[in-house]
Amino acid sequence: MDGIVETIVDFIRDNSAWALWIAMIFAAAETTAFLSILIPSTAILFGVGALVATGGLDFTPIWIGASIGAMMGSFFSFWLGWRFGPRALEMRPMRDHRALIHRGTDAFSRWGTLAVLIGHFFGPLRAVVFVLAGVSRLSFWKFAPVNVVGCIAWAWATPKSGEIGGNVLGYLWNLVTGG
């Protein structure tokens with residue numbers, strides 16, 4: 001999996017003009033119910049943030065692309081849950097991850113709408129929380145504002161964490177090497 005992440009981050013570095021679009025695609029995959037289980041998008045966006053620390057990329061297009069992508073994926077997942085109801089949880093690969101569905105259901109019953117916001121930042125919950133919001137028939141007007149805030153915050157925090165990590169590593173490297 002690390003090889004895939006490294007290859008994609010290298011591709012983004014070499015094709016920085018496409019960074020917004022690539023961030024959008026991976027963020028959409030990360031917040032889409034079925035794809036988020038399969039694609040290491042958070043690791044990729046973290047790695048892209050490290051590229052920002054080197055000066056190889058600008059942060060703003062990544063943030064914008066990831067925000068839009070996260071909204072696309074999470075609203076689509078909400079729609080799937082709304083449209084198909086509990087049957088959405090029986091589709092592959094969701095049905096193969098009963099523990100995630102159980103954790104998501106628990107989070108939703110415990111925190112209600114706040115679970116949508118938390119779900120953006122908690123990987124295992126991210127795979128199911130948006131679908132569960134739709135399945136539970138959460139009002140779109142309650143879901144949308146919390147989801148948009150979560151999308152924008154997650155799209156900022158994930159690559160920004162990579163950038164901060166990259167800056168710390170660069171600082172430590174300079175201390176060690178005297179550079």
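## A buried alanine in a loop

Ala 88 sits in the loop between H4 and H5. Helices here are DSSP runs of H or I with at least four residues, numbered from the N terminus. At 1% relative accessibility, Ala 88 counts as buried. Buried means under 20% relative accessible area, exposed means over 50%, and partly exposed lies in between, with a 1.4 Å probe and protein chains only. From Ala 88 to Gly 112 is 24 residues in sequence and 19 Å in space, C-alpha to C-alpha.

This is a predicted model: local features need pLDDT of at least 70, side-chain atom pairs count only at pLDDT 80 or more, and totals for chains, interfaces and linings use all residues. Residues are numbered from 1 along each chain as its sequence is written, and side-chain values use heavy atoms, with hydrogens and water left out.

H3 covers residues 41–54. Its 14 residues should span 20 Å at 1.5 Å a residue, and the end C-alpha atoms are 20 Å apart, which agrees. The expected span is 1.5 Å times one less than the number of residues. The buried residues of H3 are Ser 41, Ile 44, Leu 45, Gly 47, Val 48, Gly 49, Leu 51 and Val 52. After H3 comes Gly 55, with a positive phi near 90°.

H4 has 26 residues and should span 38 Å; its end C-alpha atoms lie 37 Å apart, which agrees.

## H2 against H4

Two packed helices are described by the angle between their axes and the distance between the axes. The axes of H2 (residues 19–31) and H4 (residues 59–84) come within 6 Å and cross at roughly 30°. Axes are lines fitted to C-alpha atoms, for helices over the stretch in contact, and angles run from 0 to 180 degrees between N-to-C directions. H2 and H4 are therefore roughly parallel to each other. Angles under 35 degrees count as roughly parallel, over 145 as roughly antiparallel, 65 to 115 as roughly perpendicular, and the rest as oblique.

H2 contributes Ala 19, Leu 20, Ala 23, Met 24, Ala 27, Ala 28 and Thr 31 to the contact. Residues from H4 include Ile 62, Gly 65, Gly 69, Met 72 and Ser 77. Contact means heavy atoms within 4.5 Å. By class, the contact has 13 nonpolar, six polar and no charged residues. Ala, Val, Leu, Ile, Met, Phe, Trp, Tyr, Cys and Pro count as nonpolar, Asp, Glu, Lys and Arg as charged, and the others, Gly among them, as polar.

## H5 against H6

The axes of H5 (residues 98–111) and H6 (residues 114–121) come within 8 Å and cross at roughly 135°. H5 and H6 are therefore oblique to each other. Ala 107, Phe 108 and Trp 111 of H5 meet Leu 114, Ala 115, Val 116 and Ile 118 of H6. This contact has seven nonpolar, no polar and no charged residues.

Ala 115 of H6 is buried, at 0% relative accessibility. Leaving out residues up to four places away in sequence, Ala 115 touches Ala 107, Phe 108, Leu 125 and Val 129. Ala 115 and Ala 133 are 18 residues apart along the chain, with C-alpha atoms separated by 8.9 Å.

## Around H9

Arg 137 lies in the loop between H8 (129–135) and H9. Its phi is positive, near 65°, in a residue other than glycine. Arg 137 is partly exposed, with a relative accessible area of 45%.

Asn 147 is found in H9 (residues 140–177). Asn 147 is buried, with a relative accessible area of 0%. Beyond neighbours within four places in sequence, Asn 147 contacts Ser 74, Phe 75, Val 116, His 120 and Phe 130.

Terms used. Helices (H or I, at least four residues) and strands (E, at least two) are DSSP runs, numbered from the N terminus.
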